[in-house]
Amino acid sequence: MSNLTLRPGLGWEAARRRAFLWGLLPSLAVLLVITLAPATALLVTSFTPLSLTDAAGTFRFDDPLVNYRHLLEDARFLRSIATQLQLSVSSVALQLGVGLGLALLLNGRSKLLGATRTAFLIPMVLPPIVVALIWKILYTPDVSPLHRALEAVGLPVRSLIANPDTALWAISIADTWQWFPFTLLMVLATLQMVPDDPLEAASLDGANRWQLFRYIVLPYLRPVLVVCGLFRLIDSFKAFPLIYVLTDGGPGTVTEVTNYYGFIQAFNFSYWGYASAIAMVILAGVFALSWLVGRLGWNDHDKR
């Protein structure tokens, strides 16, 4: 009797699993083609000294770690990592600061604030190349309305992207302008969930605005700020369009980040094996940061 009642259930469960797997199969096939296959090809190429000047003769595996050994000895590559870290830290810090400050100012329910919030989201939806061209104009003294205005008031400024001391900061500002709306949006959504009772009780006890923010609002915002910072840190590795349009890695190599250095090795010098090794190092760093995002996300979920 018990076997007769269990078999239909087991048959239905097996059919459900098969239907689920067949429905998932097209997505897995697409993922395999557009993600895993190129990543595998990149990994395999990184173990060869492949160069397009002699593709047949250099696609060999007699010394698979040669590119990675050269990376450790390449001062320009190591300097590009330091440049990438400077750009990432400065841009993410600015994005978090600007996004948090504007979110606190725009946290309200009036129509004017709603329209203002919508306007602030525009940079985030612009294509990166459009953002790069906008800031190229702003940073070029001959055509920049910003430079013209400063000259009119007697404060002429040299081109920020042509000055080695300011070129990296100029890219960081442009990247911040495009992506601070991400932090703004996330923080605004969190502010809407902050309960009113603790704020009202603290106000009745004599707490000022800074104390309300420091001891009540900020603890609610801290998890989302951490996640925003890590997501933007991962995305900061993709500042290639800004660097390509604004500085081309210069002046000299002061804005030459790691992915741009890999681009030069691949497309300027045709060292595809070496460039693939650079790309694998970047990919490993992104995976490590993604793992960190996942761990922090789960930890915040468990605390709640």
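Let's start at T255. Setting aside neighbours within four places in sequence, T255 is in contact with T83, A167, L168, I171, I243, T247, G249 and G250. Bear in mind that this is a predicted model.

Where does T255 sit? In the loop between α12 and α13. Buried or exposed? T255 is buried, because its relative accessible area is 0% and the cut-off for buried is under 20%.

First, P251, which lies in the loop between α12, residues 240-246, and α13, residues 258-268. The peptide bond joining G250 and P251 is cis. Its omega is about -5°. G250 is also one of the contacts of T255.

Next, D248. This residue is in the loop between α12 and α13 too.

Now step along to the loop between α13 and α14, where α14 covers residues 272-303. Which residue do I want here? S270, which lies in that loop. Phi of S270 is near 65°, again a positive value in a residue other than glycine. S270 counts as buried because its relative accessible area is 18%, and the cut-off is under 20%.

On to the helices. Two packed helices are described by the angle between their axes and the distance between the axes.

Pair one is α9 with α11. Helix α9 runs over residues 167-191. The two pack at an angle of about 150°, with their axes 10 Å apart. The crossing is right-handed. Who meets whom? From α9, the residues are D175, W179, F182, T183, M186, V187, T190 and L191. From α11, they are V217, Y220, L221, V224, L225, C228, F231, R232 and D235. By type, the residues of this contact are 12 nonpolar, two polar and three charged.

Pair two is α10 with α11. Helix α10 is residues 196-204, and α11 is residues 209-235. Their axes come within 10 Å and cross at roughly 150°. Angles over 145 degrees count as roughly antiparallel, so α10 is roughly antiparallel to α11. α10 passes α11 in a right-handed crossing. On the α10 side we have P198, L199, A202 and S203. They meet L212, I216 and V217 in α11. How do the residues of this contact divide? Six nonpolar, one polar and no charged.

One last point, on V217. This α11 residue is listed in the contact with α9, and V217 is listed in the contact with α10 as well.

Note on methods:
Residues numbered from 1 in each chain as written. Predicted model: local features only at pLDDT ≥ 70, side-chain atom pairs only at ≥ 80, totals over all residues. Heavy atoms only, no water. Helix = DSSP H or I, 4+ residues; strand = E, 2+ residues; numbered from the N terminus. Buried < 20%, exposed > 50% of the residue type's maximum accessible area, 1.4 Å probe, protein only. Axes fitted to C-alpha atoms, helices over the stretch in contact; angles between N-to-C directions. Parallel < 35°, antiparallel > 145°, perpendicular 65-115°, else oblique. Left-handed = near helix turned anticlockwise from the far one by under 90°. Contact = heavy atoms within 4.5 Å. Nonpolar A, V, L, I, M, F, W, Y, C, P; charged D, E, K, R; others polar.
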